[in-house]
Amino acid sequence: MGELFMIGGATPVMMDRLQAKFTVHKASEMADPHAWLAEHGASIGYVATNGHDGVRPEYMAAMPNLKAISCYGVGYDAIDTKAAREKGVVVTHTPNVLNAEVATTAVMLMMACYRELLRDDAWVRSGEWEAKGNSPLTRSVDNQTVGILGLGRIGQAIADKLAPFGTTVVYHSRSAKEVPYKYYDNLARMARDVDCMICITPGGPSTNKIVNREVLEALGPNGTLINVSRGSVVDEAEMISALQDGRLGWAGLDVFEAEPHVPEALRALSNVVLLPHVGSATHETRAAMGALTVDNLLQHLEDGTVISPVPECADM
Ligand code: NAP
Ligand code: 8YV
C-alpha cells in the first residue's frame with residue numbers, strides 16, 4: 001500500500017480505486033493538516049489535488065519522501081512545479097480529456113451573450129412577454145471573427161466547434177502554430193480586429209492581466225469577451241469599468257480573480273453571463289478526469305512512471 005495525502009475532494013469512484021492501493025489521508029478531515037504533516041509527512045509518497053487548491057509550499061516542504069503529485073485538472077498554476085522537480089517529485093495533470101467540454105462551455109457563453117439568453121429567459125418568467133410583447137432583437141452568432149487567446153489543446157477544440165457557425169478564427173499566443181488561422185503577435189491588435197475574444201491560456205505570472213485596459217478597449221463597445229481560462233488573465237477591475245461604461249460590450253465568464261468571490265459590481269451588470277467555474281463540470285468529463293488522475297497515481301506506484309506529466313516534468 002502507498003501513503004496518499006489528499007487535498008480537496010474526490011468522487012466515490014476515485015476513492016474506491018485509490019483506497020484499493022493507498023492509505024488515503026484526507027486534509028479535509030484533519031483539524032490542522034499542517035500539524036498532521038509535521039508529524040506524519042515523511043510517510044507520504046503521493047499527493048492527489050486539484051487545480052484550485054494545488055499544494056501549498058509548506059505542505060510540500062513537510063513531505064520529504066514525496067514521489068508524485070496528481071492534479072485533477074489540466075491547469076496547475078497553483079502547484080510550484082519547479083520546487084517539485086527540484087525535489088524529484090513528478091507532477092501530472094489531466095490534459096485532452098476535457099478539451100471538448102471546456103470548448104462547449106466557451107461556445108455556450110458566447111451564444112448566451114450574443115443571443116441575450118438570460119434577458120430573454122427573464123422576459124418570459126417575469127411576464128414581460130405578455131405585458132410588453134416581443135423582446136428586443138439580438139445579435140447573430142453566425143459569421144463572426146473570433147480571436148482565440150491561447151490556441152492550445154482547448155483553443156483548437158473551440159475553433160473546431162465554431163466552424164459550423166462560419167466563424168473566421170484568428171489567434172494570439174507566444175509563438176505561431178501550424179494552423180490555417182491568422183496569427184497575431186500582438187494581443188491588442190488582435191482584439192481590435194475581432195468581434196469576440198475567447199481566453200483559454202494557462203494562468204500564472206506570464207499571463208497575469210494580459211487582457212488589460214488597452215486590450216479591452218480594442219475589443220470595444222461591440223465586442224464580446226469570453227474567459228474560460230483563469231480569472232488572473234483578465235484585469236477584472238478594468239473589465240468591470242469597461243462593461244459599466246459601454247467601452248466593452250459583453251462578457252461571458254467562467255472564471256474570476258478571487259473565485260468563488262465575484263464582485264457585486266460584476267453581478268449587478270446585465271451585459272454579462274456568469275458561471276461558477278464549470279468549464280469541465282459534467283458527469284462524463286469529470287469521470288474521465290478522475291480516471292486519469294487515479295491512473296497516474298496507480299501507474300507510478302506500480303512502476304515509477306506516469307501517463308500525463310506536466311511539460312516541466314516530461315523528462316523525469
Ligand atoms: P495548452 O494546450 O497548454 O494551451 C495553452 C495555450 O496558451 C498555448 O497555445 C500557449 O501557446 C498559450 N500561452 C501560454 N502562455 C501564454 C502567454 N503568456 N501568452 C499568450 N499565450 C500563451 O493548454 P490547454 O489544455 O488548452 O488548457 C489551457 C488552460 O485552460 C488551462 O491551463 C487552464 O488554465 C484553463 N482551463 C480552464 C477550465 C475551466 O473549467 N474553465 C478547464 C480546463 C482548462 P504558446 O506557448 O505559444 O504561448
Ligand atoms: C476544473 C480546470 O475546474 O482543468 C482545469 O484547469 O480549471 C477545471 O477543469 C478543475 O481543475 C477541477 O478542480
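Colleague: Which residues are closest to ligand 2?
Modeller: Val74, Gly75, Arg230, His277 and Ser280 are the closest of the 13 residues that surround ligand 2. A residue counts if one of its heavy atoms lies within 4 Å. This is a predicted model, where local features need pLDDT of at least 70, side-chain atom pairs count only at pLDDT 80 or more, and totals for chains, interfaces and linings use all residues. Side-chain values use heavy atoms, without hydrogens and water.

Colleague: How does that shell split by class?
Modeller: The shell around ligand 2 has 4 nonpolar, 7 polar and 2 charged residues. Gly counts as polar here, and Asp, Glu, Lys and Arg as charged.

Colleague: Which side chain has an N or O atom 2.7 Å from an oxygen atom of ligand 2?
Modeller: That is Ser280. Gly75 uses a polar backbone atom, 2.8 Å from an oxygen atom of the ligand. A polar side-chain atom of His52 lies 3.4 Å from a ligand oxygen. Polar contacts are pairs of N or O atoms within 3.5 Å.

Colleague: How much of ligand 2 does the protein bury?
Modeller: The protein buries 91% of the 330 Å² that ligand 2 exposes when taken alone. Those areas come from the Shrake-Rupley method with a 1.4 Å probe.

Colleague: New topic. Where are the domain bounds?
Modeller: Domain 1 covers 2–97 + 284–313, and domain 2 covers 99–274. The bounds come from an automatic or database domain assignment.

Colleague: How many residues does each domain give to the contact?
Modeller: Domain 1 gives 9 residues and domain 2 gives 8 residues. Contact means heavy atoms within 4.5 Å. The domain centres, taken over C-alpha atoms, are 32 Å apart.

Conventions
Residues are numbered from 1 along each chain as its sequence is written. Chains are lettered from A and ligands numbered from 1 in the order in which they are written. A polar contact is a pair of N or O atoms within 3.5 Å; within protein, one must be able to donate a hydrogen and the other to accept it, and residues adjacent in sequence count only if both atoms are side-chain atoms.
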